[in-house]
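Here are a few friendly notes to read alongside the coordinates.

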Amino acid sequence: MSGAGAPALSVDGTGLQVTVVAASWHTEVMDGLLAGSLRALAAAHADITVVRVPGTFELPVAALHAARRGADAVVALGVVIRGGTPHFEYVCQAATVGLTDVAVRTGVPVGFGVLTCDDDAQALDRAGLPGSHEDKGAEAAQAAVATVVSVRALGTSRLDA
């Protein structure tokens, strides 16, 4: 399990506009990721908007629109389970590169809450559900808010898109 060494992030996100973009595939896992993200953002006192998209492949375009519409941060939540075809690699790479591109081009932090798992059990163990060992939805939300705070400490808030 990769959760060892994760930082304990607790930052004040009061007044931050955070958009959570969540995929719809794998309902149980996604419900857990979304709930964890919402808990963490509420604890940080952020203002939250939730947008649902069909799948993980669609996360980057929705994240880009959220960033362009004034979100201070975006939290991207999705899950891709490895199957017997190369589809897994294509979707994982497209989501990762796409979300990274959104963050770099806009200067708006994107919390990466996309699970890339070999099977359902791994995804459930990271979804923040009762019995899960990790809460990747909460971690992605905390990372997004903490990054906004860090970037603002540098005297900037966003790049010209």
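Which residues are linked in a network of salt bridges? Arg126, Glu134, Lys136 and Glu139 are the ones joined in this way. Please keep in mind throughout that the model is predicted.

1. **Salt bridges overall.** The structure contains eight salt bridges. As background, side chains of opposite charge can pair when their charged atoms come close.

2. **Asp72 and Arg152.** These two side chains form a salt bridge in which the closest N and O atoms are 2.9 Å apart. Asp72 sits in the loop between helix H2 (59–68) and strand S3 (73–81), while Arg152 belongs to helix H5, so the pair ties together parts that are 80 residues apart in sequence. Arg152, at 39%, counts as partly exposed.

3. **Arg82 and its two partners.** Arg82 meets Glu89 in a salt bridge, 2.7 Å from N to O. Arg82 also forms a salt bridge with Asp118, where the closest N and O atoms are 2.8 Å apart. The pairing of Asp118 with Arg82 links distant parts of the chain: Asp118 is in the loop between strand S4 (110–117) and helix H4 (120–126), Arg82 is in the loop between S3 and helix H3 (87–106), and they are 36 residues apart. For accessibility, Arg82 is partly exposed with a relative accessible area of 37%. Glu89 counts as partly exposed at 38%, and Asp118 counts as partly exposed at 42%.

4. **H1 against H5.** Two packed helices are described by the angle between their axes and the distance between the axes. For helix H1 (residues 27–43) and helix H5 (residues 136–153), the axes come within 6 Å and cross at roughly 40 degrees. H1 and H5 are therefore oblique to each other, and H1 passes H5 in a right-handed crossing.

5. **H2 against H3.** H2 passes H3 in a right-handed crossing. The contact involves Leu59, Pro60, Ala63, Leu64, Ala67 and Arg68 from H2, together with Ala94, Ala95, Gly98, Leu99, Val102, Arg105 and Thr106 from H3. The contact of H2 with H3 divides into nine nonpolar, two polar and two charged residues.

6. **Leu9.** Leu9 is found in the segment before strand S1 (17–23). Which residues does Leu9 touch, not counting those up to four places away in sequence? They are Gln142, Ala143 and Ala146. Leu9 and Ala43 are 34 residues apart in sequence and 11 Å apart in space, C-alpha to C-alpha. At 29% relative accessibility, Leu9 counts as partly exposed.

Note on methods: Residues numbered from 1 in each chain as written. Predicted model: local features only at pLDDT ≥ 70, side-chain atom pairs only at ≥ 80, totals over all residues. Heavy atoms only, no water. Axes fitted to C-alpha atoms, helices over the stretch in contact; angles between N-to-C directions. Helix = DSSP H or I, 4+ residues; strand = E, 2+ residues; numbered from the N terminus. Parallel < 35°, antiparallel > 145°, perpendicular 65-115°, else oblique. Left-handed = near helix turned anticlockwise from the far one by under 90°. Salt bridge = Lys/Arg side-chain N within 4 Å of Asp/Glu carboxyl O. Buried < 20%, exposed > 50% of the residue type's maximum accessible area, 1.4 Å probe, protein only. Contact = heavy atoms within 4.5 Å. Nonpolar A, V, L, I, M, F, W, Y, C, P; charged D, E, K, R; others polar.
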